[in-house]
Number of protein chains: 2
Amino acid sequence: MGVQTIDRAVAILHWLGNSGEQGMRLVELQRALGLKRPTVHRILSSLMEHGLVSNDSRTHLYRLGWEAAVLGWSSVPVGFDLRETAQGAMSRLAEETGATVVLCACSRRETVCIDRKAGSYPIKVFTVEVGTRRPLGVGAGSIAALAALPEEEADAVIKGLMEPLQSYPEALRRSIVPSVRLARKTGFAVSDGLVLPTVIGVGVALRDPRGVPIGTLGIASFKDSASDKRISDYAQLLLREQAKIERAFRDKMMARAKTQALAPRPAALRHAAPANR
Amino acid sequence: MGVQTIDRAVAILHWLGNSGEQGMRLVELQRALGLKRPTVHRILSSLMEHGLVSNDSRTHLYRLGWEAAVLGWSSVPVGFDLRETAQGAMSRLAEETGATVVLCACSRRETVCIDRKAGSYPIKVFTVEVGTRRPLGVGAGSIAALAALPEEEADAVIKGLMEPLQSYPEALRRSIVPSVRLARKTGFAVSDGLVLPTVIGVGVALRDPRGVPIGTLGIASFKDSASDKRISDYAQLLLREQAKIERAFRDKMMARAKTQALAPRPAALRHAAPANR
DNA sequence: CCTGATCGTCCATTATGCGGACTGTTGCTG
DNA sequence: CAGCAACAGTCCGCATAATGGACGATCAGG
């Protein structure tokens, strides 16, 4: 089905994204992928030639490169940038709660952290870095995203999730089904110390105009005597911002639909050429 | 050197980015790449499986997919998002001039449009869409980027540029060297009807804290009796915003350097795994 | 209903990518 | 500072995985 080399290259890109600014060494990647060193090295070299991967020649650490960012920017139609659209929400939430706000994008059966904002509260909760990938089901926002799927689809996804969740505690795995059920009713999800013992998280899903979850918005704070009380406050704030963001997407889409009306279908050849060799 | 399949996959991604929302048909890609149809189709299928490419099943048009955006977001350390950082500048410029503002990212020997904002002026200049790739040398910002390179490097790049610029008018090619020289003195560049006859553009380079050009900011408007006079006004505004953006990057980098101080080097294996089969 | 365009799939061939084995480099340790 | 261990990078013969010619399917227009 897939093309072996591309599958491997994409896997490498995912791992490097997940490693964030820290980066990864060649052997780490080798072990992670279960491939031989020369193979990984060759693919990395190729990706580096294209700028998708960069390599700190001092430390030999590999990271995602500038071209990965460029590819992303050039793929997002003006106004549909999730990170940008959620900017205001993130600032307001960090300001109002003082806690840590996390924005993730849904990526197949995972979520990827794409932005993070720390509030003023002196003890920061930094459970995830930008780039971190985690299977759906891990974290409050993630649960909310599952709850936003059509019930059958969610069940199917959850079934397939048990394997990647192997490395997480069983308590987390067992909590998914009931948590999702609850989130379907309330519209938000809570993760009470399941991912990290002392951390409590509240999250909502962000849906595109068709209702498909494309991201999550969450607030993380330390568990203490007052945290139970805070949960509902956080949830209210999150639901408010969720509405704003989703409306922004709807509006953008409407505006777009108007200017396009009925676009020409067959489309003759374009000429201006990307100069890749 | 490179891995054939990866080279081809990246070339496809570049072409699809360049085609923007319009998308491309299979045969167009086939012709563009000079490959056989089954080959292109197989690579496309693989990229689709990974979500990097999407396919409108009604029109059979291929476009960049959601995962391309996700990859981009997850690759950009918080605060170093060019598109986001330039947001304010784009709005102010569009507001103040009423003209069309264009933001590009430098990508090897090309520039890629990554954002666009139309001012209030009733006749819009839409020469480029988000995603459009053009060789360096085409457009005012592009010239400014060349001028921001060390002189020797710029000369080398310009030399290698003549081939991809084949499809552009000779007047444009001949204007590059003198335009770059001028831009080196003034700090901005002007493209007077060279890309499109009736359009005049002014642009500046955006440099990272090391001085390397990573993007361009430009203003495009129609040529008329007053346009000569407007050029210097536009240039002043652009230089102002250039300073702001570059300072923002410098500040972000400083802040980052502080929190990191001396990061641990060897870095043990991380466990949390991206679940790509 | 035919013609001419495109999209998608099959499968034999072979060029392409794979990985075992070697060399070079870095940094720890006694 | 010699000696070792762990890692980065390169070479090249072999076989596997990608290639592309050929075929069938689909759709639009005349």
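Predicted model: local features only at pLDDT ≥ 70, side-chain atom pairs only at ≥ 80, totals over all residues.

Me: What is the hand of the crossing of α4(A) and α4(B)?

Reply: The crossing is left-handed.

Me: Which residues make the contact between α4(A) and α4(B)?

Reply: From α4(A) come A:A68, A:A69, A:L71, A:G72 and A:S75. From α4(B) come B:A68, B:A69, B:L71, B:G72 and B:S75.

Me: How do you know what classes of residue the contact of α4(A) with α4(B) has?

Reply: Sort them. Ala and Leu count as nonpolar, while Gly counts as polar. The contact has 6 nonpolar, 4 polar and no charged residues.

Me: What makes α4(B) largely enclosed by the rest of the structure?

Reply: Buried means under 20% relative accessible area. In α4(B), 9 of the 10 residues are buried, so the helix is largely enclosed. Among them are B:E67, B:V70 and B:W73. Helix α4(A) is mostly covered as well, with 9 of its 10 residues buried. Its buried residues include A:E67, A:V70 and A:W73.

Me: How do you know that β1 and β2 of chain B pair?

Reply: Pairing needs at least two bridges. Strand β1 (residues 53-56) and strand β2 (residues 61-64) of chain B are joined by 4 bridges, so they pair. They run antiparallel. One bridge sets B:N55 against B:Y62. The hairpin has 4 residues between the strands, and B:H60 takes a positive phi near 65° there.

Me: Why are β5 and β6 of chain B called edge strands?

Reply: The open sheet has 6 strands in the order β5-β4-β3-β8-β7-β6, with antiparallel pairing. Strands β5 (133-135) and β6 (189-192) each pair on one side only. On average, neighbouring strands are turned by 30° against each other, direction ignored.

Me: What packs on that sheet of chain B?

Reply: Helix α4(A) does, touching β3, β4, β5 and β8 (213-222) of chain B. The helix direction makes about 145° with that of β3(B).

Technical notes
Residues numbered from 1 in each chain as written. Chains lettered and ligands numbered in written order. Heavy atoms only, no water. Left-handed = near helix turned anticlockwise from the far one by under 90°. Helix = DSSP H or I, 4+ residues; strand = E, 2+ residues; numbered from the N terminus. Contact = heavy atoms within 4.5 Å. Buried < 20%, exposed > 50% of the residue type's maximum accessible area, 1.4 Å probe, protein only. Axes fitted to C-alpha atoms, helices over the stretch in contact; angles between N-to-C directions.
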